[in-house]
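Biologist: I want to learn how to read this chain. Please take me through the terms, then the cases.

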Amino acid sequence: MEKLKSLVPSSMKRLVANSSEDDLPSTSASLLNFFLNLDQFQQIVRDLADPESRLCGKNSEGAFELKQKGNQCYLRGDFANALSCYTQALRIAPVDSNDKDRNLVATLYVNRASLLQKMDHLVDCLRDCNRALQISPSYAKAWYRRGKVNASLGNYEDAAQDLTIAKDMESSVGGKKQIESELKIILDQSRSADSKFVQHNANNLSLFYFSFMTTKVVHKFVTEDLLQVKLECVSTPDKGRGMASQCDIPEASLVHREEPYAVIISKHCRETHCHYCLNKLPADAIPCTSCSIPLYCSHNCRAWAGGQLLKTYPMKHNSNESLLNKFEEYIAQITRVIDLYPGDGHIFEHKHECQGAHWPIILPADIALAGRVVVKSIEQRRASSEDFNLMEILELSHNYSHASPESKLESHIYSIVLLYCIQHSYGFELPINGASISQIVILISQIRVNSMAIVRMKSNDDRPPNQFGDTVPGGSALTSSVEQIRVGQAIYAAGSLFNHSCQPNIHAYFLSRTLIMRTTEFVTSGCPLEMSYGPQVGQWDCKDRLQFLEDEYSFRCRCSGCSEINISDLVINAFHCINPNCSGVVLDCSVVNCEKQKLKRFPTFRKGSSSEFHLQVGKLSSDYIDSVAYLALQKKNRTIDADPGYCLKCGSYRDLESSCAAVDEAWIYIKRLEDSIVSREISSTIVLDALRSLHLLRTILHAYNKAIAKTEDNLAQAFSLVGDLQSARDHCKASIEILEKLYEHNHIAIGYELVKLSSIQLSLGDCNVVDNINQLDAIFLRYYGSHADTMFPNLQSLREMALKLVQ
C-alpha cells in the first residue's frame, strides 16, 4: 500500500487528513476517482484479487518437490523438517493430482502417517491413514499402515482387519507374503491380549467406579458454571454505553459467553494454529482443499470454515469379492468422509477468500477481518431478504475523528482496495462509490477500537543443566512458566459493549473462539462490569496507561485506577530515598505531574469550622501508603507540593539525572542476561554481573520498583536454566513479593508467577509448594472457574507431584 500512498497528491492527502465523518463520502469519492485513472492501481488490484494469478492456489509441481524433499529428510532422520515438507506439500497439492497412478494427496497422507508413527504420534498417524483411505479406498499401503498403528495402539481386532484388507489389495506377491507374516504376529498378540482380558477388567472395577464418580462431580460443576446472570446495557455520561448487572454477582461467576461475529487468525500464527478454532495445530494438520492459505486441526474445523469435502475415488483392484463383502461395512465406516457440516443458516467465513488470490494474507489482519464482517452481513441480509446496507453492519463506536492523518489515508486506501478484492473473489456486485467506501472506512475504525485479541496460554518448560553453561540431556528438574500468545482478532457484538477499567472487576478469556467473561470480585447490583483493554494497575504506571488508551482507543481513562492515589502508580517506577533508612518514594517529573492531576479532582468538605482534604486512596494502597508517601498524602489541609527528586516521606533530595545514568549502566548487564536466557548461553560472568547490577538497582530504585522485580525474575530464569534451583527459588520469591505490592494478592499476574515458583519448589522437594499450589488454585478458580485445567493443562500435574511430595 506504500506505493499507492506515495502516488496520492499532497492536496488530496490534506483533504483526507482534515476530513470528518460527515466529509467521508466526498473524500472517498475523490480518492476513488483518482485511483481509477491510474494503471498502477488497476495492476495492484489484479495482483491481489484476480483468480487467474492464483498465487495462493494449488501447485502440483511444488507439491512434488516438497514431497521429494520430505522423503529425503525422512531417510536421514530429520523428522521435524520431513513433517514440515509433507504438510506444506499437502497444503499446495491439488486434490485431483496423481503420483504414479496414485492420488498425490492420498500418497502424501500415507507418507506423513509413516513419519508420525516413527515420531510416536500414533493417533495422528491413524487419522492420516483414514484421510488417505477416504480419498483412495483401494490404497493397500494405507490399509497396511493403519493396521500397523492399530496394533501399536492395542486395537488388535481392527489391526487384523486392516492387514487382511491390505493383503487382498496388494498387487505384488512379495508384498502379500510380508503382510501375511505380520498378520500372523498380530493375531498371536490379539489372542495373548484376550487371555488377559478377564483379569484386566477385574483390576479396573475400582478405576471405573472412580471415573464414574468423577464424571458426576465434573458434570455438576460445569452445569453450575453455565448459569448466567441478567445483564443490561446502560449509559453513563463519561463512558457512553456499557454493561451492568441487574443483581448482585458473587466472585468467580460467569457473566457472559459469546461466539464472535467475525474472527481472523494472527499472521504470526498461520503455521502453528488452526485457522478456524485458533487452537494449536496437531502434527497431522490438514489444509483447505481449494487454496493454499489455511491449515486446520480437523476435518470439522475445515468444514465450518467453508472448505470443500474431499472427493473419493473408486476402488481399482482385483480383490476377492467375498472378502470385500465380509468387510464391506468396516471399509465403509473407515472411508466415509465424516465432516460435520453446519446447518443451512451457517455462514462460511473463508469461502469468499478461497479462490487462490492472495489478498487475504497480504492485507493486514484487521482489513481482512473487515472483509469477513462485510461478507457475513451480506449473507445475513440475503437469508432474511433484506436490502444490503453497509451503514448497518456494526452499531459500535469508532475513533475516526481522532485518528492521525496517516491512519485516515491508510483507511481510505485499504477500504477501496478491499471492496475491489471482495468483488473479484466473492462474486457479489458490491457498490463501489464514495458512500460505500466511507462506510468501510468507519467499519475499519470500529474494528480497531472494538476488536478483541484472542489469546492462548503457552506453557514453557525447561530442563536445566547442572552447572553453568553445560547442558545435561534429560535433566531431572523441570521448571515451568506461562505466557500469553495473541493468536487472533475478533469482533464480539455484545462483548464490545463492556467498558474499560485499569482495575477491572471482570476477566475475559477464550475457549477456542468463544469469549468467556467472569467476575474477579463481588459486584453489587447496578455496578458497571468493566474489563481491561490493555495494561492494568500494577503492569504500567498511570501516565503510560493513559497515553496507551488515548492512542489506541481515543479516550481519556477516568477509572478508579487512574483517578485515585494507589501504591502501584507511586512505586512502580519510583526511586529510593537517598536516606537508606527511609522507605519513602522519590518520583520523576512525569509521575509527579500525573499524580497532581489526580489530587486536583479530590473532593473537599467541611467538618466543624475547618476544611479538610479527604484523599481518595485506591484499594491497593491501604496497607502501604503510610510508609511511602507521608508528606503527600497524610498531612491535613495541604495539597501535594513535592517536587521531582524529593522524597514524599522525609523530604530528602535525590539527584535524578545521575541516578538515571547509573540505572542505565546497570541495565546493560541485565539486558545481557536476558539475551543469554533466550540463546541458552549463560555464563557465570554474565550472572555475576547481573547480580552486581541488581545490588546497585536496590540502592537507587524503590524496593517495589518493577524493574527490580523484572531483574529478580530474569535471575530466577537464569539459575533455573543452569540448574541452581535454590537460587532460582529465592529470586522467584523476591520477584513475587514485589508484584504482590503492585497488584493485589490474588491477581492473575501473581498466579502466572506462582506456576514458576511451584515447579521450582517441586524440583527441589520443597514441601512449602503445597501452600503456593493452593493459592494458585484459588487464583485460577477466581479467574477461570471450572475452565482452569483446560486453560492450564499442567495444573493437574503440579497438584499430583505436590501430593506425592507430601505423602
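Modeller: Start with contact: it means heavy atoms within 4.5 Å. This is a predicted model, where local features need pLDDT of at least 70, side-chain atom pairs count only at pLDDT 80 or more, and totals for chains, interfaces and linings use all residues. Residues are numbered from 1 along each chain as its sequence is written, and side-chain values use heavy atoms, with hydrogens and water left out.

Biologist: Which residues is Thr 519 in contact with, leaving aside neighbours within four places in sequence?

Modeller: The partners include Ile 249, Pro 250, Glu 251, Ala 252, Ser 253 and Val 255. Asn 505, Ile 506, Leu 529 and Arg 782 are also among them.

Biologist: Where does Thr 519 sit, and is Thr 519 buried or exposed?

Modeller: Helices (H or I, at least four residues) and strands (E, at least two) are DSSP runs, numbered from the N terminus. Thr 519 is in strand 11, residues 514-519. Buried means under 20% relative accessible area, exposed over 50%, and partly exposed in between, with a 1.4 Å probe and protein chains only. Thr 519 has a relative accessible area of 0%, so Thr 519 is buried. A polar atom of the Thr 519 side chain lies 2.7 Å from the backbone oxygen of Pro 250.

Biologist: How many disulfides does the structure hold?

Modeller: A disulfide is a covalent bond between the sulfur atoms of two cysteines. Here the test is a pair of cysteine sulfur atoms within 2.5 Å. The structure holds zero.

Biologist: Now a helix. Which residues of helix 4 are buried?

Modeller: In helix 4, residues 39-49, they are Phe 41, Ile 44, Val 45, Leu 48 and Ala 49. They cover an arc of only 105 degrees around the axis, so they lie on the same side of helix 4. The arc is taken from the directions from the helix axis to the C-beta atoms. These buried residues pack against helix 1 (2-7), helix 3 (24-36), helix 17 and helix 19 (405-426).

Biologist: And a loop residue, Gly 345?

Modeller: Gly 345 is in the loop between helix 16 (328-335) and helix 17 (359-362). Its relative accessible area is 70%, so Gly 345 is exposed.

Note on methods: A polar contact is a pair of N or O atoms within 3.5 Å; within protein, one must be able to donate a hydrogen and the other to accept it, and residues adjacent in sequence count only if both atoms are side-chain atoms.
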